[in-house]
Amino acid sequence: MLSLFKLFKKKESSSQIAKSRLEIMLKHDRMELTKDDMLEMMDRILMVLKDYVNYDKDRVQMKVKRENGETFLFISVPVIGRPASRDWER
Amino acid sequence: MGEVYVITSGKGGVGKTTVTANLGVGLALRGAKVVTVDADIGLRNLDVVLGLENRIVFNIVDVVEGSCRLEQALVRDKRLENLFLLPAAQTRTKEAITSEQMLEVCSKLRKIFDYVLIDSPAGIETGFRNAAIGADKAIVVTTPEVSAVRDADRIIGLLEAMGKGVPQLIINRIRLDMVEKGDMLSVRDVLDILAVPLLGIIPDDEEVIVATNKGEPVIFRDDSDASRAFKNIVARLQGEDVPIIELSPRKNTGFWSKLRQLFGGR
Ligand SMILES: Nc1ncnc2c1ncn2[C@@H]1O[C@H](COP(=O)(O)OP(=O)(O)OP(=O)(O)O)[C@@H](O)[C@H]1O
Ligand SMILES: [Mg+2]
């Protein structure tokens, strides 16, 4: 059954393989953030966060992971409390 | 004021020097005053491809170090009086020139010439950056291979980040027999992936190697497929609207007629 299926399935040409490999590769390459971009993005995210939570800034971490053709950005921020007051809550 | 082009690629060995030499000759054949600049300090090649290796006295490092005047380092081509070469130094490294010095050389050259064509070294470091820094426009050369296309994408990103705008692409060493069999990325595939404007395509042609052996750029050999490809690119550089697919009939086995068949023509 399997071999029959193989027989009818058109073989992918090596140029098609090349093209799809390139598409995946470049998606990642183009997503690559520079160190400066990362630091700047982190600063801006933390700037927003500090209005809502207190966090331990020495233990903030950021990671980029690639899994199954997708790129994930992980940021972990240890929350240690709430800010004392927030203007708009008054 | 002349235009300054950098010819670059990321990956090595894809044809930057061959392209620089042939476009230089082609533009000069059309009457423009052209200088080709070898920015591959330490691995000079452009002189050899142009057949001018025996005429070099000074080089670009001598110029920036003040050992000679710019005019003294320029080598005049032996066939075309309006074509020149500014050679690289063979015994120095990329660090022998700063980006400021390169900018200054480019601004002097553009006052003298209609076209300044800079042959970049492979890579994405100092050598590439120096080659590109003084350029108004960039030409990226790639072959239809995975690693070359990947590196071309990287270089395109870097050129854009350097403020050089969107570069134009030359796809070199195309083999239509392999494209037909599905064993080589087609022009369309490469353009889909890189998404930059196409300046031209050059077939893989033995004549290129024969020409390099002799130090006579292939564009001088009227009969070859590669020569026609280079002439078309030169015409496009000068603003002519030459279609990428050459339609004039030729012997059926040639690159161009095969290409026509591939695109569904007769
Ligand atoms: N269209 C072509 N057909 C056949 N051979 C070619 C073609 N283009 C280039 N070559 C050959 O490929 C080799 C590499 O070409 P070239 O030196 O121009 O590449 P390059 O990008 O300048 O290399 P490098 O990165 O080392 O400077 C040479 O031997 C050249 O003759
Ligand atoms: Mg070279």
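Over all chains, a search of the whole structure finds 19 salt bridges, a salt bridge being a side-chain nitrogen of Lys or Arg within 4 Å of a carboxyl oxygen of Asp or Glu. The model is predicted, so local features need pLDDT of at least 70 and side-chain atom pairs count only at pLDDT 80 or more, while totals for chains, interfaces and linings use all residues. Residues are numbered from 1 along each chain as its sequence is written, chains are lettered from A and ligands numbered from 1 in the order in which they are written, and side-chain values use heavy atoms, with hydrogens and water left out.

Side chains of opposite charge can pair when their charged atoms come close. One such pair is Glu104(B) with Lys108(B), whose closest N and O atoms are 3.5 Å apart. Both residues lie in helix α5 (residues 99-112) of chain B, 4 residues apart, which is about one turn of the helix. Helices (H or I, at least four residues) and strands (E, at least two) are DSSP runs, numbered from the N terminus. Glu104(B) is partly exposed at 46% relative accessibility, and Lys108(B) is partly exposed at 40%; buried means under 20% relative accessible area, exposed over 50%, and partly exposed in between (1.4 Å probe, protein chains only).

Helix α5 of chain B also supplies Arg110(B), whose side chain meets that of Asp136(B) in a salt bridge of 2.9 Å, N to O. This pair links distant parts of the chain, 26 residues apart, with Asp136(B) in the loop between α6 (126-133) and β6 (137-142) of chain B. Arg110(B) counts as buried at 16% relative accessibility, whereas Asp136(B) is partly exposed at 34%.

In the salt bridge between Arg221(B) and Glu207(B), the closest N and O atoms are 2.5 Å apart. Arg221(B) lies in the loop between α10 and α11 (225-237) of chain B and Glu207(B) in helix α10 of chain B, so the pair ties together parts 14 residues apart in sequence. Glu207(B) is partly exposed, with a relative accessible area of 29%. Salt bridges that share partners also join Lys19(A), Arg188(B), Asp189(B) and Asp192(B) into one network.

In total 18 residues surround ligand 1, and the closest are Gly13(B), Lys16(B), Thr17(B), Thr18(B) and Asn172(B); a residue is near a molecule or strand if one of its heavy atoms lies within 4 Å of it. By class, the shell has 6 nonpolar, 7 polar and 5 charged residues.

A polar side-chain atom of Asn172(B) lies 2.8 Å from a nitrogen atom of ligand 1. A polar backbone atom of Asp205(B) is 2.9 Å from a nitrogen atom of the ligand, and an N or O atom in the side chain of Arg173(B) is 3.1 Å from an oxygen atom of ligand 1. On its own ligand 1 has 630 Å² of accessible area, of which the protein covers 80%.

Elsewhere in chain B, strand β4 (residues 83-86) is covered on both faces. Leu83(B) and Leu85(B) are buried on one side, Phe84(B) and Leu86(B) on the other. Strand β2 (residues 34-38) of chain B pairs with β4(B) in the parallel sense over 4 bridges, and Val34(B) stands opposite Leu83(B). Two strands pair if DSSP finds at least two bridges between them.

Methods
Polar contact = N/O pair within 3.5 Å; in protein donor to acceptor, adjacent residues only side chain to side chain. Areas by Shrake-Rupley, 256 points an atom, 1.4 Å probe, with all protein chains shown as cover. Nonpolar A, V, L, I, M, F, W, Y, C, P; charged D, E, K, R; others polar.
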